[in-house]
Amino acid sequence: MTTTATPSAPFRQDATVIALVGLAHAASHFGHLLLVAMFPVFIAEFSLSYAQLGFLTSVFFVVSGVGQAGAGFVVDRFGARPLLFLALALFALACVSASLATGYSALVFTAALAGLANATFHPVDFTILNQRVSAPRLGYAFSAHGLTGNLGWAAAPVFLTGVAALTDWRTAYWAAAALYGAILVLLLVYRDNLQTRVVRHAHGDKAGTGSALGFLRLSVVWWCFGFFMLSTMTLAVVQNFSVAILRTQYGVSLEAATFTLSAYMLSGAVGMFVGGIVAARTVQSDRVVAGAMLAGAVLLGLCGLGVLGATATMVVLALTGFAIGIGGPSRDMMIKRATPAGATGRVYGMVYSGLDVGFAIAPVVFGVWMDRGMYGATLLGAAFVLLLTVGAALAVGVRTPARA
């Protein structure tokens with residue numbers, strides 16, 4: 001069985017664990033945009049197309065997805081903490097690799113290295129939270145986890161482009177490597193707060209599913225996987241192409257378009273905060289998630305229709321982040337309730353690999369649309385995919401065992 005912290009654990013103890021895991025999650029999401037934030041630079045430096053840039057993102061998330069599905073088994077067997085430290089070290093190496101890149105092949109290698117670093121974070125994070133945080137505070141823990149992830153997304157373009165503007169883009173990556181090193185040192189200092197117990201099962205009982213792979217026979221796991229894949233495809237479009245769409249379709253400056261992307265991430269973080277309160281007070285997580293995704297799809301669809309002016313489009317796009325963010329903590333509670341006892345690492349690893357699949361597919365597919373000038377259609381396509389997640393969330397709720 002998975003061990004969960006006692007409900008009577010001191011607030012300070014829970015807060016420390018949540019803060020440390022949140023910092024690690026922010027570092028992971030910072031790494032998602034490690035190359036994306038410099039796409040305009042790479043276009044000028046290496047004469048790359050949108051499809052080539054999208055392929056870099058796909059490499060990152062294909063490696064991450066394959067690694068994440070396996071990382072859950074490793075976490076359940078050996079514990080979460082060692083993998084967390086290794087992941088941060090690999091991200092630092094990826095930053096060094098990016099700083100030394102002289103062509104497209106070097107960028108592909110960097111994307112693969114960063115994807116390997118990213119692979120462990122979700123099974124690691126949720127194993128630590130589920131074991132070390134008191135049950136009554138888990139909703140707030142998931143809220144903080146999602147919020148810090150959004151802050152990592154918001155920080156990456158500001159940090160990298162800011163340092164690049166003051167120095168150059170190669171120095172920006174050296175600075176990012178130093179940042180990862182500092183985070184690793186901090187987590188090493190407070191490593192006792194990140195210790196987890198290895199899952200032990202009686203012979204013939206693997207998390208109540210009959211075998212180590214028995215959870216794969218549960219349809220609810222695959223509906224969770226599908227939810228993550230679809231919802232992430234929409235996010236990938238916003239992260240990779242919203243700046244270019246705002247610039248080409250509405251004539252917005254690079255600074256204003258980049259600020260809008262950061263505003264999307266920051267408003268998503270605010271939505272996560274609000275969503276944490278909702279998640280802690282409701283057991284109908286699937287309905288909360290479905291409502292949030294529906295609202296986000298409508299707002300993003302308005303942006304794609306082109307009926308709004310430049311300023312209104314930027315505002316509505318930022319509000320889309322808020323709407324989707326509200327569903328984040330309830331989404332994590334939804335997955336927790338669908339997870340068999342003792343299989344946290346494996347289930348979260350498999351389910352969250354859907355996130356990587358979505359990130360890998362969307363840039364390639366919609367990158368082709370962008371190269372053909374289908375800017376509005378790209379946003380409409382992303383809105384339609386997000387609409388499909390409403391049905392996926394409700395399907396998870398229907399299939400979640402009553403024991404949850």
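The legends below accompany close-up views of aromatic pairs and cysteines in a predicted model.

Residues are numbered from 1 along each chain as its sequence is written. In this predicted model, local features need pLDDT of at least 70 and side-chain atom pairs count only at pLDDT 80 or more, whereas totals for chains, interfaces and linings use all residues, and side-chain values use heavy atoms, with hydrogens and water left out.

**View 1. The aromatic pair of F30 and F159.** A search of the whole structure finds 13 aromatic pairs, a pair being rings of Phe, Tyr and Trp (its six-membered ring) whose centres lie within 6.5 Å, with planes under 30 degrees apart counted as stacked, over 60 as edge-to-face and the rest as tilted. The pair of F30 and F159 is edge-to-face because the ring centres lie 5.7 Å apart with the planes at 70°. This pair links distant parts of the chain, with F30 in helix 1 (residues 11-32) and F159 in helix 7 (residues 138-166), 129 residues apart; helices are DSSP runs (H or I, at least four residues) numbered from the N terminus. F30 is buried at a relative accessible area of 5%, while F159 is partly exposed at 25% (buried means under 20%, exposed over 50%, partly exposed in between, with a 1.4 Å probe and protein chains only).

**View 2. The stacked pair of F61 and F359****.** The ring centres of F61 and F359 are 4.0 Å apart, with 15° between the planes. F61 belongs to helix 3 (residues 50-78) and F359 to helix 13 (residues 344-371), 298 residues apart.

**View 3. Two cysteines, C95 and C224.** C95 is buried at 0% relative accessibility, and C224 is buried at 2%. With a disulfide taken as a pair of cysteine sulfur atoms within 2.5 Å, the count comes to 0 disulfides.

Key. Helices (H or I, at least four residues) and strands (E, at least two) are DSSP runs, numbered from the N terminus.
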